[in-house]
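Welcome! Please take a look at the sequence and the 3D model shown here, and then let us walk through them together.

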Amino acid sequence: MYKSKIVGVGHYVPPRVVTNHELSQLMDTSDEWITERTGIKERRFSDLKEDTTSVMGTKAARLALERAGVSADQVDFIIFATLSPDFYFPGPGVLVQEALGISTVGALDIRNQCSGFVYALSVADQYIKSGMYQNILVIGSELHSGGLDFTNRGRGVSVIFGDGAGAVLLQRAPEGSLGILSTHLHSEGRHARELALIEPNTSHWVHDIIKEGKVFAEDELVDYHPYMNGNFVFKHAVTRFQEVIREALEANKLSVEDIDLLIPHQANLRISQYIQAKMNLPEEKVFNNIMKYGNTTAASIPIALSEAWEQGRVRDGDLICLAAFGSGFTWASSLLYW
Ligand code: UT7
């Protein structure tokens, strides 16, 4: 069986910085509330024209390829994780194939929200292990800002999310390399509605609801924005993150002390700090950048990995742990040597 290794990582965030203060002019919130509850100080918002989900993903992927020293025509498969695709269908994987001028290789789209990147990495790892592919682009990209409710009604959700993309090139590793040790994936669908965007959907399309001439009462209006039962999600997140990290360590007969850097999905700085404290990890072994970007769901781990690499916090031979939890609920982890 082959081994796979991340050989290039890149990210892209749109240039427009949106501060907590700016949001407080749109809704009843404050820098103090957002900072205290989440650690977020600012996030990036796309212009909604140029920087679509697939365009941001393509920009991150170009950088990952460049850093890997691999050309687009060497890519044999594309995996794209997002909950905010450019189109309802087709998914953005094929748009990356077109934009990068890659030949007619397969493009797979993953729908696992905050855990999407780790799920995508897991799929890519299996293809490489089996010998089917050698160079797989794994992308996570999100454009939340176009779909959030910036009125008081949506303030519990809309202050958290931001836009951006990250990507890695996963490659078949030379004999004797360590690379990805394992990936661990979980789901619990009974909580699917606790963090979700339910409508519109295939049985309730916009044109069925907004009938010409019909005036709707306030309580008849359908909410086309994400819903999150924040407290409930928080409590599950802090438990599942720890469980899935420990599961990965046990599977590889490693201990918490062996981890050089934990890169948790950037859901909430308070969640990351809680896990760090509970697992007795020193602060420098946990990477956080949610302060600058908010929660970018499937993009958060590859953006964080790319920044950690740029800052020299990911070095050859380091043991890296990726962990995620989110809508579904789904949660996942991966242990890998850099
Ligand atoms: O990435 C996927 C996984 N997602 C997560 O892990 C997110 C998990 N959840 C959380 O991070 C937190 O639950 C939130 C940051 C979303 C919310 O924090 P919270 O401490 O759970 O707040 P809450 O929802 O219990 O609301 C507390 C109060 C409420 O007011 P009352 O009822 O106490 O008067 C809310 O109406 O804060 C109010 N509130 C706000 N106030 C100012 C809610 N949103 C805001 C806001 N600004 N943006």
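Lysine 253 sits in the loop between helix H8 (230-251) and strand S11. Helices here are DSSP runs of H or I with at least four residues, strands are DSSP runs of E with at least two, and both are numbered from the N terminus. The phi angle of lysine 253 is near 55°, a positive value in a residue other than glycine. Most residues other than glycine have a negative phi, and most peptide bonds are trans.

Before going on, note that this is a predicted model, in which local features need pLDDT of at least 70, side-chain atom pairs count only at pLDDT 80 or more, and totals for chains, interfaces and linings use all residues. Residues are numbered from 1 along each chain as its sequence is written, and side-chain values use heavy atoms, with hydrogens and water left out.

## Two cis peptide bonds

Which way does the peptide bond from phenylalanine 89 to proline 90 go, cis or trans? This bond is cis, with omega near -5°. Look for proline 90 in the loop between S4 and helix H4 (93-99).

Another cis peptide bond joins glycine 328 and phenylalanine 329, where omega is about -20°. Phenylalanine 329 belongs to the loop between S12 and S13.

## Two domains

The domain assignment divides the protein into domain 1 (3-173) and domain 2 (180-194 + 224-337); such bounds come from an automatic or database domain assignment. Taken over C-alpha atoms, the centres of domain 1 and domain 2 are 16 Å apart.

## The five-stranded sheet

Follow the order S1-S7-S6-S4-S5 and you trace an open sheet of five strands with mixed pairing; two strands pair if DSSP finds at least two bridges between them. Strand S1 (4-12) and strand S5 (106-110) are at the edges with a single partner strand each, so one side of each has no neighbour in the sheet. On average, neighbouring strands of this sheet are turned by 20° against each other, direction ignored.

Inside the sheet, S6 (residues 135-142) and S7 (residues 164-172) run antiparallel and are joined by eight bridges. Serine 141 is opposite alanine 165 in S7.

## The four-stranded sheet

A second open sheet to look for has four strands in the order S8-S13-S12-S11, again with mixed pairing. Strand S8 (180-187) and strand S11 (261-264) are its edges, each with a single partner strand, so one side of each is left without a neighbour in the sheet. Neighbouring strands here are turned by 10° against each other on average, direction ignored.

S8 and S13 (residues 330-337) run antiparallel, joined by seven bridges. Leucine 185 is found opposite alanine 332 in S13.

## Helices across the sheets

Helix H5 (residues 116-130) lies across S1, strand S4 (77-81), S5, S6 and S7, and runs at about 170° to S6. Angles run from 0 to 180 degrees between N-to-C directions, with axes being lines fitted to C-alpha atoms, for helices over the stretch in contact. H5 also lies across S8, strand S12 (319-326) and S13, at about 130° to S8.

Helix H11 (residues 300-310) lies across S1, S6 and S7, at about 95° to S1. H11 lies across S11 and S12 as well, running at about 145° to S11.

## Where the domains meet

How many residues of domain 1 are in contact with domain 2? The answer is 54 residues of domain 1, in contact with 46 residues of domain 2, where contact means heavy atoms within 4.5 Å. The area buried between domain 1 and domain 2 is about 3800 Å², and carbon and sulfur atoms give 63% of that area. Buried area is the accessible area (1.4 Å probe) that two parts lose on being put together, summed over both.

One salt bridge is counted between domain 1 and domain 2, a salt bridge being a side-chain nitrogen of Lys or Arg within 4 Å of a carboxyl oxygen of Asp or Glu. The side chains of glutamate 310 and arginine 67 meet in a salt bridge (2.7 Å, N to O). On the side of domain 1 that touches domain 2, the largest share, eight residues, comes from H5.
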